[in-house]
Structure formats: C-alpha cells, structure tokens
Amino acid sequence: MKQCPLGISCDILETLGAHVGGATDQVAKLSCEKAFVELQGRLVDTTTKLKQVQMQIRNKEAEKKRAFLTVEELERLPESTNTYRSVGKAFILESRDTLLKEQQTKADDSDSAIATLQASKEYLERQMKEVESHFRELLQNSPELARQVMAMSVS
C-alpha cells in the first residue's frame with residue numbers, strides 16, 4: 001500500500017480514480033487540503049506548546065537566580081543574625097541555616113525542572129521541524145495547493 005507524505009493511503013485514491021475516472025484529481029485535491037489543514041493544526045499546537053515550555057524555562061531560571069542571590073546574601077551574614085521568612089504580610093523568625101537550606105533546595109529543584117523542560121523543548125523543536133518538512137513535501141507534491149497557499153498569503 002503506497003503512502004502519501006502524511007500517511008494518507010494513495011491506494012484508496014487510485015482505486016477511486018479507476019472506478020470514477022477523472023474524479024481522482026478532485027479526491028486527491030481534497031485529501032491534500034485535508035492534510036494541509038491537519039498539518040496547520042499540528043503546527044499551531046506545537047508552536048503553542050513550545051512557547052509555553054520556553055516561558056516555563058524562563059520562570060525557573062528567574063526562580064533559580066533569586067534563590068542563588070538570596071543564598072549569597074545569607075552567607076554574608078553572621079550566624080547570630082536574626083533572619084525572617086516572609087509569609088504573606090507577616091514575617092516569621094527563622095534560623096539562617098534553615099533559610100539557606102531552603103534556598104539551596106529551591107535552586108536545586110529549579111535546576112532539575114530546567115533540565116526536564118529543556119528535554120521537552122528539544123522534543124517539541126524536533127516535532128516542529130518534522131511538521132515543517134511535511135509541509136514542504138506536501139507543497140512540492142501538490143503544486144495546485146502551493147498556488148492556493150501563496151494566493152492566501154499574498155492577499
């Protein structure tokens with residue numbers, strides 16, 4: 001069974017063409033348009049997910065930087081210094097070591113989250129390249145569809 005670039009069965013199109021005659025071109029055109037719309041949806045979905053992951057990475061990097069700067073400041077303080085944790089509008093007395101451990105844990109958690117998000121980002125970028133190559137292949141195999149797309153983008 002022959003497959004079109006997007007996994008659509010071309011044998012079905014050929015069989016329909018053998019029975020209907022000239023209708024094969026119409027069916028092929030419709031299947032290409034359907035594949036184009038499907039690819040367009042996948043591209044939008046992947047782009048949205050990629051932007052979300054990039055935003056999450058930026059947020060985790062900012063959280064890590066805040067934790068790192070807080071640790072630097074806490075390390076400069078003498079051990080006997082009273083330190084406070086902000087809880088809403090109130091401040092609670094905490095030991096310097098407790099706050100240091102908490103901030104170091106936050107930084108470590110951010111590091112592991114960033115690594116996971118980077119892997120997700122790479123996966124989504126590969127998916128994006130795959131969808132783009134499918135688009136190119138579809139447009140190369142269907143000049144009529146390519147003309148229609150160009151006409152839409154120009155107007």
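Is Arg96 buried or exposed in this chain? Arg96 is buried, with a relative accessible area of 10%, where buried stands for under 20% relative accessible area, exposed for over 50%, and partly exposed for what lies in between (1.4 Å probe, protein chains only). The model is a predicted one, in which local features need pLDDT of at least 70 and side-chain atom pairs count only at pLDDT 80 or more, while totals for chains, interfaces and linings use all residues. Residues are numbered from 1 along each chain as its sequence is written, and side-chain values use heavy atoms, with hydrogens and water left out.

**Overall layout**

- The chain holds four helices and two strands, these being DSSP runs numbered from the N terminus (helices: H or I, at least four residues; strands: E, at least two).
- Read from the N terminus on, the elements follow the order α-α-β-β-α-α.
- Of the 155 residues of the chain, 22% count as buried.

**The two strands**

- Strand E1 (residues 83–87) pairs with strand E2 (residues 90–94) in the antiparallel sense over five bridges, and two strands are said to pair if DSSP finds at least two bridges between them.
- Within this pairing, Arg85 has Ile92 of E2 as its bridge partner.
- Two residues stand between the strands of the E1 and E2 hairpin, where Gly88 takes a positive phi near 65°.

**Nonpolar residues, in the core and on the surface**

- The largest nonpolar core has nine residues, namely Cys32, Ala35, Phe36, Leu39, Val131, Phe135, Leu138, Leu145 and Val149; such a core is a set of buried Ala, Val, Leu, Ile, Met, Phe, Trp, Tyr and Cys residues joined through side-chain atoms within 4.5 Å.
- Helix H2 (23–76), helix H3 (96–141) and helix H4 (143–154) each supply at least two residues of this core, and the largest share, four residues, comes from H2.
- In soluble globular proteins, nonpolar side chains tend to be buried together.
- On the surface, Tyr84, Phe91 and Leu93 form a nonpolar patch with about 370 Å² of accessible area together, the areas coming from the Shrake-Rupley method with a 1.4 Å probe and, for residues, only the protein chains shown counting as cover.
- Patches are made of residues with over 30% relative accessible area and no salt bridge, like charges being joined within 9 Å and nonpolar side chains (Val, Leu, Ile, Met, Phe, Trp, Tyr) within 5 Å.
- Tyr84, one of the patch residues, lies in strand E1 and counts as partly exposed, at 47% relative accessibility.

**Salt bridges**

- The count comes to nine salt bridges, each being a side-chain nitrogen of Lys or Arg within 4 Å of a carboxyl oxygen of Asp or Glu.
- The side chains of Arg96 and Glu79 meet in a salt bridge, at 3.7 Å from N to O, and this pair links distant parts of the chain, with Arg96 in helix H3 and Glu79 in the loop between H2 and E1, 17 residues apart.
- Whereas Arg96 is buried at 10% relative accessible area, Glu79 is exposed at 60%.
- Glu79, Arg96 and Asp97 are linked in a network of salt bridges.
- Glu102 forms a salt bridge with Arg85, their closest N and O atoms being 2.2 Å apart; because Glu102 lies in helix H3 and Arg85 in strand E1, the pair ties together parts that are 17 residues apart in sequence.
- Glu102 is partly exposed, with a relative accessible area of 26%, and Arg85 also counts as partly exposed, at 21% relative accessibility.
- Asp45 forms a salt bridge with Lys49, the closest N and O atoms being 3.4 Å apart, and both residues lie in helix H2, four residues apart, about one turn of the helix.
- Asp45 counts as partly exposed at 38% relative accessibility, and Lys49 is partly exposed with a relative accessible area of 39%.

**Annotated regions**

- The unreviewed UniProt entry carries the annotation "coiled-coil region" for residues 43–77 and 114–141; UniProt positions are given in the numbering used here, feature names are shortened, and annotations may be inferred rather than shown by experiment.
- Residues 43–77 are 97% helix and 0% strand in the model, with their end C-alpha atoms 52 Å apart.
- Residues 114–141 are 100% helix and 0% strand, with end C-alpha atoms 40 Å apart.
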